[in-house]
Amino acid sequence: MIAVCGEALVDLVPRGPGAYAALAGGSPANCAVALSRLGVATLLLARLSRDDSGQLLRAHLGGNGVDLSYAVDADEPSSLAVVSLDEDGTATYRFLMDGTADWQWTDEELPPLPVEVMAVHSGSLALARAPALERFLGRSRAHATISIDPNLRAALLDPDRAHADLDRWLLLADLVKASTEDLALLHPGEDPVQVAQRWAAAGPGLVVITCAADGAFAVVDGQVVRRAAVPTDVVDTVAAGDTFSAGLLAHLHDRGLLGGRLGALSPEDVTAALDHGLRAAAVTCSRVGADPPWTAEL
């Protein structure tokens, strides 16, 4: 089993001039759905509002087999993300999230996880805005692999705070997955491979960087492993990174490689995991919105 913790929000996706569709989203929630569709028992720790958007999120998550027994019934409203798509289908986001449910975590709302949980994945806005989640990852590290995706948002970025957060997360995480867009925001003009190697030297057993159409690479045990992207007709990139994370984690989970510090991973293990993540992300890019693949589609 894998646990995911963080935001579950509603994406308002363009459907023509002045028209939007309300779709379930949020990076951690997308990752949880993708993991479940890939056959991994998945637990989501999220604060889900009692409002209509919260009910939409519950129906979507539960309908995709995500275990919500650790989710919190929240009185605050749901967060919203207004999505913009450029001519290549690349998504950018404007967030409506002041006083909303996703960021109000307390330590009491984050109890110990079942012993079946082999890894805990978090990141994105919730980890940066809710200190209780970071403390929860620290407590969970005794028995689970910790995976973090910073998933930075340019419109909300405070560079000084982001660097401070990352310094702590590199000490906490066993797996860090980021994108070249994240690296450009944090370390403009620097070579992505050199940044990833520096991150790996700070603590994580595995650092993975996605490179959009150029695939992905990883740093493991001092070696750089590169894999090409899977060709696809891109409709949009909504949830592509979340799906990649899920594919990567699902492969490691299914091979019994989670549950510890990832020190025993071989380059061959990482190559296969990257390929699985890239195949899954390619399917998501080929269709509208956060719609990750099922195992049979891979």
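This is a predicted model: local features need pLDDT of at least 70, side-chain atom pairs count only at pLDDT 80 or more; totals for chains, interfaces and linings use all residues.
A disulfide is a covalent bond between the sulfur atoms of two cysteines. With a cut-off of 2.5 Å between cysteine sulfur atoms, the count of disulfides in the model is 0. Cys 5 takes part in no disulfide, the nearest cysteine sulfur being that of Cys 31, 11 Å away. For Cys 31, likewise in no disulfide, the nearest cysteine sulfur is that of Cys 5, at 11 Å. Cys 5 has a relative accessibility of 0% and therefore counts as buried, the limit for this class being under 20%. Cys 31 also counts as buried, because its relative accessibility is 1%.

Cys 31 also belongs to the contact between helix 1 and helix 8. Two packed helices are described by the angle between their axes and the distance between the axes. Helix 1, spanning residues 27–37, packs against helix 8, spanning residues 240–254, with an angle of about 45° and 8 Å between the axes. Helix 1 is therefore oblique to helix 8.

On the side of helix 1, the contact is made by Ser 27, Asn 30, Cys 31, Ala 34 and Leu 35. Helix 8 contributes Asp 242, Thr 243, Ser 245, Ala 246, Leu 249 and Ala 250. Classified by residue type, the contact between helix 1 and helix 8 comprises 6 nonpolar, 4 polar and 1 charged residues.

Key
Residues are numbered from 1 along each chain as its sequence is written. Side-chain values use heavy atoms; hydrogens and water are left out. Buried means under 20% relative accessible area, exposed over 50%, partly exposed in between (1.4 Å probe, protein chains only). Axes are lines fitted to C-alpha atoms, for helices over the stretch in contact, and angles run from 0 to 180 degrees between N-to-C directions. Helices (H or I, at least four residues) and strands (E, at least two) are DSSP runs, numbered from the N terminus. Angles under 35 degrees count as roughly parallel, over 145 as roughly antiparallel, 65 to 115 as roughly perpendicular and the rest as oblique. Contact means heavy atoms within 4.5 Å. Ala, Val, Leu, Ile, Met, Phe, Trp, Tyr, Cys and Pro count as nonpolar, Asp, Glu, Lys and Arg as charged, and the others, Gly among them, as polar.
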